[in-house]
Amino acid sequence: MGLTPTKFIWMDGKLVPWEEANVHVLTHTLHYGLGVFEGIRCYKTEKGPAVFRLKDHIQRLEDSAKLVGMKLPYSVKELVKGVKETIKANEIGECYIRPIAFYGYGVMGLNPEGSRVNVAIAVWPWGTYLGEEGLERGIRAKISPWLRIHPRILPPQAKLVANYANSILAKVDALNSGYDEAILLNIDGFVAEGPGENLFIVEKGKLVTPPLSSGALGGITRDSIIKIARDKAIPFKEEDISKDRLYRADEAFFTGTAAEVTPIREVDGNCIGSGKRGKITEELQHIFFEAVRGKELKYEAWLDYVR
């Protein structure tokens, strides 16, 4: 999906014109992949732009950095303020937000010690990641030949730049095979997640998602859907999901900042349920979109208004 430039990008505490937000070609993270990032959305509401679970996302950014020994030069509070400043400066009501922390220019070699940690925050308009039609009709997915990274290889609970090479390979393979998205299994053969999404299934009215021990990222949207399901008294469990169990599911859907709540209608040519968005998926999807747009007051605490 192409980028639509906005006016400014926040770089190390200063707002810089979009076209001037550059780094040196010898930036350490560009060569070795040790950086952390977040994906966040800001939605239009009747009270103005509101960022969905902003503090939780920035806290996860800090947690990711700690997992790989990176010390962020800004606090969670300062970065939350930076996100809001960037949205205001760009006079944008609805956007995707990308904070990233990376080792900059200064040293070369595997050891990043001596490199400054730089932080940038960019915002831009971004529509539905897997297509507007996919939100209602559902998408087609395939089991990837690439396995999800194992915790003893790279930390899957860190939203680490390097981890997404794994996701890119799976995504591109799915697209080249004529599908909309991939599903990655872990080394034990159980479902972990999509390239950038968590996965849920519905079996006989029960909601199931893989445990974080599967290698799935602890998604903010995943957590939100679990909370909504419990509030609606929908039975829920974290359980290992085999490929065969996925094929037999009554419903399946992805969750994520980019994907939001996207139904899966087919996996590897196997129709999921009736081959369209299921009843529980639709209910959870509806409440989620009401919540992010400030129309469900029960979840208003999830919104950080940009004022």
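Mentor: The lining of the second largest pocket splits into seven nonpolar, two polar and five charged residues (Ala, Val, Leu, Ile, Met, Phe, Trp, Tyr, Cys and Pro count as nonpolar, Asp, Glu, Lys and Arg as charged, and the others, Gly among them, as polar). Keep in mind that this is a predicted model: local features need pLDDT of at least 70, side-chain atom pairs count only at pLDDT 80 or more, and totals for chains, interfaces and linings use all residues. Residues are numbered from 1 along each chain as its sequence is written, and side-chain values use heavy atoms, with hydrogens and water left out.

Trainee: Which residues lie nearest the centre of the second largest pocket?

Mentor: Glu94, Thr128, Glu132, Glu260 and Arg293, out of 14 lining residues. A pocket here is an open set of points on a 1 Å grid over the protein atoms alone where a 1.4 Å probe fits, with protein on both sides within 12 Å along at least five of seven lines, and lining residues have an atom within 4 Å of a point.

Trainee: And which strand gives the largest share of that lining?

Mentor: Strand 4, with three residues. Strands are DSSP runs of E, at least two residues, and helices are runs of H or I, at least four, numbered from the N terminus.

Trainee: What volume does the largest pocket have?

Mentor: About 1400 Å³, where a volume is the space filled by probe spheres set on the grid points, joined across faces, edges and corners. Its lining has 45 residues, with Phe37, Tyr96, Arg98, Trp124 and Tyr164 nearest the centre. Helix 5 contributes the most to that lining, six residues.

Trainee: Switching topic: is His57 buried or exposed?

Mentor: Buried, at a relative accessible area of 1% (buried is under 20%, exposed over 50%, partly exposed in between, with a 1.4 Å probe and protein chains only). His57 sits in helix 2, residues 54–67.

Trainee: What does the His57 side chain make a polar contact with?

Mentor: The side chain of Glu38, at 2.8 Å. A polar contact is a pair of N or O atoms within 3.5 Å; within protein, one must be able to donate a hydrogen and the other to accept it, and residues adjacent in sequence count only if both atoms are side-chain atoms.

Trainee: Last one: why is strand 9 largely enclosed?

Mentor: Because five of its five residues, 181–185, are buried. Glu181, Ile183 and Leu185 point one way from strand 9, and Ala182 and Leu184 the other.
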